[in-house]
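Q: I have a model open on my screen and would like to learn how to read its features. Could you walk me through it?

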Amino acid sequence: MTNEAQHSSEVSHVTRVTRSLAKLFERVRSDRVLVILLIAFVALQIMRPASVGALFARIDQHTILTLAGLLMLTRAIDQSGFLDWLAQRLLRWFRTERRLALLMVAFAAALSTLLTNDVALFAVVPLAQSLARIAPVRIERLIIFLALAVNAGSSLTPLGNPQNLFLWQHSGLGFGGYVAMMTPITVALMALLLAVCAFAFDSRPLHFQRRGPSHDVRWPLLWIALALFVGFVALADHGLATWACAGVVAVLLVARRNAVLGIDWLLLAIFVLMFVVLRGVAEMPEVRTALGHVDFSSTLGAYLGAAVLSQFISNVPAAILLAEYSQNWPALAHGVAVGGFGLAVGSLANLIALRMAKSRKIWWHFHWVSIPFYLVALGLGFAALKWV
């Protein structure tokens with residue numbers, strides 16, 4: 001290779017790298033949640049500098065690795081074409097938007113009782129997006145209700161979300177006892193959600209915009225992804241998220257490389273920063289001192305404290321933090337369940353759903369629905385405590 005050709009190759013490589021960095025910078029700049037978290041991180045480091053080791057200690061590696069594995073698996077399932085195939089059949093059975101929305105909401109809520117709210121979203125949101133590709137489904141509105149559905153449904157069992165698992169382990173209640181305690185609030189939330197959903201979607205018929213032949217499904221890729229999914233969830237539930245994620249990466253790099261390389265890396269960055277920033281705020285002496293002056297021993301204090309604090313630091317950190325100030329487990333469990341509604345940061349599941357929608361407007365639309373729902377749910381949650 002001549003010097004001129006080598007120089008031209010080096011220039012071309014530098015140009016490609018520069019363009020890639022420019023695209024990455026633009027994606028980061030246009031992502032408001034990520035920008036806010038980055039600003040908060042810098043401000044927190046200025047006020048209370050933390051070492052690299054301390055910052056890494058705040059990150060829940062199990063959650064991040066589980067999220068990474070789920071992103072890869074759901075991308076592989078989506079690329080298999082199966083979701084488009086399933087969407088066509090759902091539209092044949094439920095030919096109106098209202099019926100389809102109610103089915104999807106009920107399915108998402110039921111799934112979240114066993115597979116946790118974030119896993120349920122990774123199953124139902126891509127399916128909803130497949131529906132929107134072949135019929136005029138109002139996808140943003142449907143994703144909003146799916147986010148609310150997994151928050152409501154996951155409140156029922158200890159397996160439904162991380163804060164339930166934490167509170168269940170510390171409460172001393174049996175699995176059945178915890179479910180019995182949370183049944184009234186879950187039933188109330190689901191009844192309210194289904195009623196609002198029926199009002200939000202009308203009985204307009206859904207006509208196919210296009211049809212895709214069933215042989216478009218890449219069945220081998222689907223079976224590989226489903227087998228990996230089952231094994232991944234089993235290993236992750238036993239605290240082996242590192243091995244589970246490594247196995248998924250190894251297999252999909254051979255079966256479908258783009259399912260690994262093409263995931264939403266900025267979503268992972270957002271979750272890492274959320275742990276770093278929110279746990280940093282929760283560790284601040286000023287915050288702990290302020291909370292120490294509040295009486296969380298009463299049912300009302302513990303309930304409102306959990307429901308309100310969740311709006312600022314998310315319901316998982318709120319449950320962990322308030323457990324140091326109150327042993328009123330029913331009130332805390334009801335409070336963080338309601339706290340998942342309202343602001344998007346109230347639940348990590350909200351952020352996952354809204355990120356998967358890939359729309360700026362949906363963030364505003366979500367709060368138009370979620371905040372009024374939260375205010376009504378506050379009353380329902382306190383009333384449900386009387387049944388415990």
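A: Gladly. Let us begin with two terms: buried means under 20% relative accessible area, exposed over 50% and partly exposed in between, with a 1.4 Å probe and protein chains only. Helices (H or I, at least four residues) and strands (E, at least two) are DSSP runs, numbered from the N terminus. This is a predicted model, where local features need pLDDT of at least 70 and side-chain atom pairs count only at pLDDT 80 or more, while totals for chains, interfaces and linings use all residues. Residues are numbered from 1 along each chain as its sequence is written, and side-chain values use heavy atoms, with hydrogens and water left out.

Q: Which residues of helix 12 are buried?
A: They are Ala241, Ala244, Cys245, Val248 and Leu252. Seen down the axis of helix 12, these buried residues fall within an arc of 95°, so they line one face of the helix. The arc is taken from the directions from the helix axis to the C-beta atoms. On the face turned away from the buried side sit the exposed residues Thr242, Trp243 and Val254.

Q: How many disulfides does the structure hold?
A: A disulfide is a covalent bond between the sulfur atoms of two cysteines. The working rule is a pair of cysteine sulfur atoms within 2.5 Å, and the structure holds zero disulfides. Cys197 counts as buried because its relative accessibility is 0%, and Cys245 counts as buried at 7%.

Q: What is the volume of the largest pocket?
A: Rolling a probe the size of a water molecule over the atoms shows where empty space is left. On a 1 Å grid over the protein atoms alone, a cavity is a set of points where a 1.4 Å probe fits but cannot get out, and a pocket is an open set with protein on both sides within 12 Å along at least five of seven lines; lining residues have an atom within 4 Å of a point. Grid points are joined across faces, edges and corners, and a volume is the space filled by probe spheres set on the points. The largest pocket has a volume of about 1,400 Å³. Its lining has 39 residues, with Asp31, Leu351, Leu354, Arg355 and Trp363 nearest the centre. Elements giving two or more residues to this lining include helix 1 (3–30), helix 7 and helix 20 (361–385).

Q: Which residues lie closest to the centre of the second largest pocket?
A: The second largest pocket has a volume of about 820 Å³. Of its 34 lining residues, His62, Thr116, Asn161, Pro162 and Leu165 are the closest to the centre. Helix 9 gives the largest share of the lining, five residues.

Q: Which residues line the second largest cavity?
A: Asn151, Ser154, Ser155, Asn161, Gln163, Asn315, Ala337 and Gly340 line it. By class, that makes one nonpolar, seven polar and no charged residues. Here Ala, Val, Leu, Ile, Met, Phe, Trp, Tyr, Cys and Pro count as nonpolar, Asp, Glu, Lys and Arg as charged, and the others, Gly among them, as polar. The lining of the largest cavity has six nonpolar, one polar and one charged residues, and helix 14 gives the most to that lining, with four residues.
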